[in-house]
Structures are given as C-alpha cells and as structure tokens.
Amino acid sequence: MENKELKERFTDEITGIEYTLQGDYYMPNITIPKARRIGNIGKNMED
C-alpha cells in the first residue's frame, strides 16, 4: 500500500476555491464579506 502525503493547500481547478488541510479534512479558504451599513432609512424599510 502506498503512503500518499496530503498537500497542505490546493486550489480546485473547476471552482477556483483554495483549500487548506485541517487534520484529515480540507477546509475551503473563504471569508465573509463585510456587511454594508444600511443607515436609519434602510432600517425602517426592513420592518
């Protein structure tokens, strides 16, 4: 049986998402975009 080393990071060629090895799993390197301020008028419109 071959012992294959897992890469620390790789990028999916189809989606372009980069993944990092965390233990036995690859986790996507994603960030949540900053929420934009909607102001007082926008807050009133949400209700």
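Analyst: Searching the whole structure turns up one salt bridge. Keep in mind that this is a predicted model.

User: What makes the contact between Arg9 and Glu18 a salt bridge?

Analyst: The label asks for a side-chain nitrogen of Lys or Arg within 4 Å of a carboxyl oxygen of Asp or Glu. Here the side chains of Arg9 and Glu18 meet at 3.1 Å, N to O. That value is within the 4 Å limit, so the pair gets the name.

User: Why is Arg9 called partly exposed?

Analyst: Buried is under 20% relative accessible area and exposed is over 50%, with partly exposed in between. Arg9 comes out at 48%, so it lands in that middle class.

User: And what about Glu18: which class does its relative accessibility put it in?

Analyst: Glu18 has 31% relative accessibility, so it counts as partly exposed too.

User: How do you know what the overall layout of the chain is?

Analyst: Read along the sequence, the pattern is β-β-β-α.

User: What makes the strands a sheet, and in which order do they sit?

Analyst: The three strands line up as β1-β2-β3 in an open sheet, with antiparallel pairing. From one strand to the next, the twist averages 35°.

User: How do you know that β1 and β2 really pair?

Analyst: Two strands count as paired if there are at least two bridges between them. β1 and β2 are joined by three bridges, so they pass, and they run antiparallel. Across this pairing, Phe10 stands opposite Tyr19 in β2.

User: What makes β2 and β3 a pair?

Analyst: It's the bridge test again: at least two are needed. β2 (residues 18–22) and β3 have four bridges, so they qualify, again in the antiparallel sense. Two spots to look for are Gln22, which stands opposite Tyr25 in β3, and Tyr19, whose bridge partner in β3 is Pro28.

User: What do the hairpins look like, and which residue takes a positive phi in the hairpin of β1 and β2?

Analyst: In the β1 and β2 hairpin, with six residues between the strands, Gly16 takes a positive phi near 80°. The hairpin of β2 and β3 has two residues between its strands, and there Gly23 takes a positive phi near 70°.

User: Why is Thr20 called buried?

Analyst: The cut-off is under 20% relative accessible area. Thr20, which sits in strand β2, has 9%, so it is buried. Thr20 touches Glu8, Arg9, Tyr25, Tyr26, Met27 and Asn29, leaving aside residues up to four places away in sequence.

User: What makes Leu21 buried?

Analyst: Leu21, also placed in strand β2, has a relative accessible area of 18%, which is under the 20% cut-off, so the label holds. Beyond residues up to four places away in sequence, Leu21 touches Leu6, Lys7, Glu8 and Tyr26. Leu21 and Glu8 are 13 residues apart in sequence, with 5.2 Å from C-alpha to C-alpha.

User: Why is the link between Thr20 and Asn29 called a polar contact?

Analyst: A polar contact needs a pair of N or O atoms within 3.5 Å, one able to donate a hydrogen and the other to accept it. The side chains of Thr20 and Asn29 are joined at 2.8 Å, so the distance is within the limit.

User: Where is Asn29 found, and is it buried or partly exposed?

Analyst: Asn29 lies in the loop between β3 and α1 (39–46). Its relative accessibility is 34%, so it is partly exposed. Not counting residues up to four places away in sequence, Asn29 touches Arg9, Glu18, Tyr19 and Thr20. Asn29 and Arg9 are 20 residues apart along the chain, and their C-alpha atoms are separated by 9.6 Å.

User: How many residues does the chain have, and what share counts as buried?

Analyst: The chain has 47 residues, and 9% of them count as buried. Its accessible surface comes to about 5200 Å², with 52% belonging to carbon and sulfur atoms.

User: Last one: what share of the contacts with a separation of 6 or more comes from residues 24 or more positions apart?

Analyst: 0% of those contacts in the chain.

Methods:
Residues are numbered from 1 along each chain as its sequence is written. Side-chain values use heavy atoms; hydrogens and water are left out. Axes are lines fitted to C-alpha atoms, for helices over the stretch in contact, and angles run from 0 to 180 degrees between N-to-C directions. Buried means under 20% relative accessible area, exposed over 50%, partly exposed in between (1.4 Å probe, protein chains only). Contact means heavy atoms within 4.5 Å. Accessible areas come from the Shrake-Rupley method with a 1.4 Å probe; for residues, only the protein chains shown count as cover.
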